[in-house]
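Hi,

Here is the structure I promised to pass along.

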Amino acid sequence: MKNILLPTDFSENSWNAIAYALQLFKNETCKFYLLNTYTPAIYHVEYVLVEPAQFGMVDAVRENSIKELDNFKTRIKKEFDNPKHTIETMAVFNTLISEIKDIVEDKSIDYVVMGTKGATGAKEILFGSNTVHVFKNVKCPIIAVPDGFDFEKPHEVLFPTDYEVSYKSHHIDPIIDIISLYNTRVNILHVSYGYDLSEQQEENKNILEEYFKKVAHLFHDVSNQTVEEGITNFQLKARINLLVMINNKHSFFENLFFKSTINQIGFHLNVPFLVIPAKPYKT
């Protein structure tokens, strides 16, 4: 059975991610944890001075969280009734990132599936800061679903790599896990500036080939392009349904996402994005 965490702020963006997860794992036995975290406004301002429960503020916010979670659970039952799926709701007084980290460990979460922006996301911002912070801090595979993305089976997966990662099973298993549910081809894209692969890169490429030997896969090499250009150009010529990256320190992933201002990443993505941590919480 898979354990899947679905954080929600009750926006349509978060509902869209929930709907994606329910369809992606339609044929799998799953337990979905529907999570809403709340920190009442008074908590930020006067918590140290006054016990907020005196004003009933925490209770009111909690009640609203529980009510909205129940509404989402009812909506799931109505639109995606699936005997293979069980839903548990969690209304928690905590910050989102801290709570996700705790639940990932406590519930042995296999995937976190979330929308790419919050309820107020502006069009020019690709990922809301919450999503980027989850990428950065949570040691669990994350699937980020773009706003308004209608579910498509992941028939064509794009996996950009610089072959700088010494691949282990915890890097590749989450990919195999998803693509084994579908008739999927993995497109392994190496973007370079024309240099030959080092001995270590060749070795890592061979390891990758070994992992994917039982699934359809193709290796692609493009040179004299940035990673963003390589991904964008590949998407123009092939209908990609899922982008996959390893979040490896000192890799192009880090440069792509964490070097720029956290809220203004100029990388535009219109398909779901599976981010796999370099080091998992499970050992």
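Arg75 and Glu79 sit 4 residues apart in helix H3 (residues 57-80), so about one helical turn separates them. Helices here are DSSP runs of H or I with at least four residues, strands are runs of E with at least two, and both are numbered from the N terminus. The two side chains form a salt bridge, 3.1 Å from N to O; the term means a side-chain nitrogen of Lys or Arg within 4 Å of a carboxyl oxygen of Asp or Glu. Arg75 is partly exposed at 24% relative accessible area, and Glu79 is partly exposed too, at 44%. My cut-offs there: buried is under 20% relative accessible area, exposed is over 50%, and partly exposed is in between, with a 1.4 Å probe and protein chains only.

Before you go further, some ground rules. This is a predicted model, with local features needing pLDDT of at least 70 and side-chain atom pairs counting only at pLDDT 80 or more, while totals for chains, interfaces and linings use all residues. Residues are numbered from 1 along each chain as its sequence is written, and side-chain values use heavy atoms, leaving out hydrogens and water.

More on the salt bridges: the structure has 8 of them. One joins Glu28 to Lys2, with the closest N and O atoms 2.7 Å apart. Glu28 is in the loop between helix H1 (12-24) and strand E2 (30-38), and Lys2 is in strand E1 (residues 2-7), so this pair ties together parts 26 residues apart in sequence. Lys2 is buried, at 9% relative accessible area. Both residues also belong to a salt-bridge network with Asp177.

Then there is Arg239 with Glu152, at 2.5 Å from N to O. That pair links distant parts of the chain, 87 residues apart: Arg239 is in the loop between helix H8 (227-237) and strand E9 (242-247), and Glu152 is in the loop between E5 and strand E6 (156-161). Arg239 counts as exposed, at 61% relative accessibility.

Now strand E5 (residues 142-145), which is covered on both faces: Ile142 and Ala144 are buried on one side, Ile143 and Val145 on the other. E5 pairs with strand E4 (residues 111-115) in the parallel sense over 4 bridges; pairing requires at least two DSSP bridges between the strands. Val112 is opposite Ile142. With strand E10 (residues 273-277), E5 runs antiparallel, joined by 3 bridges, and Ile143 has Leu274 as its bridge partner there.

Helix H6 (residues 169-179) has His171, Ile172, Pro174, Ile175, Ile178 and Ile179 buried. Looking down its axis, the buried residues of H6 fall within an arc of 155°, so they line one face of the helix. The arc is taken from the directions from the helix axis to the C-beta atoms.

What does Tyr211 touch, beyond residues up to four places away in sequence? The list is Tyr167, Lys168, Ser169, Ile172 and Ile176, where contact means heavy atoms within 4.5 Å. Tyr211 lies in helix H7 (residues 199-211) and is partly exposed at 29%. A polar atom of its side chain lies 2.9 Å from the backbone nitrogen of Ser169.

Last one: His220, in strand E8 (residues 216-223). Leaving aside neighbours within four places in sequence, His220 contacts Asn187, Ile188, Leu189, His190 and Phe234.

Cheers

How values were computed. Polar contact = N/O pair within 3.5 Å; in protein donor to acceptor, adjacent residues only side chain to side chain.
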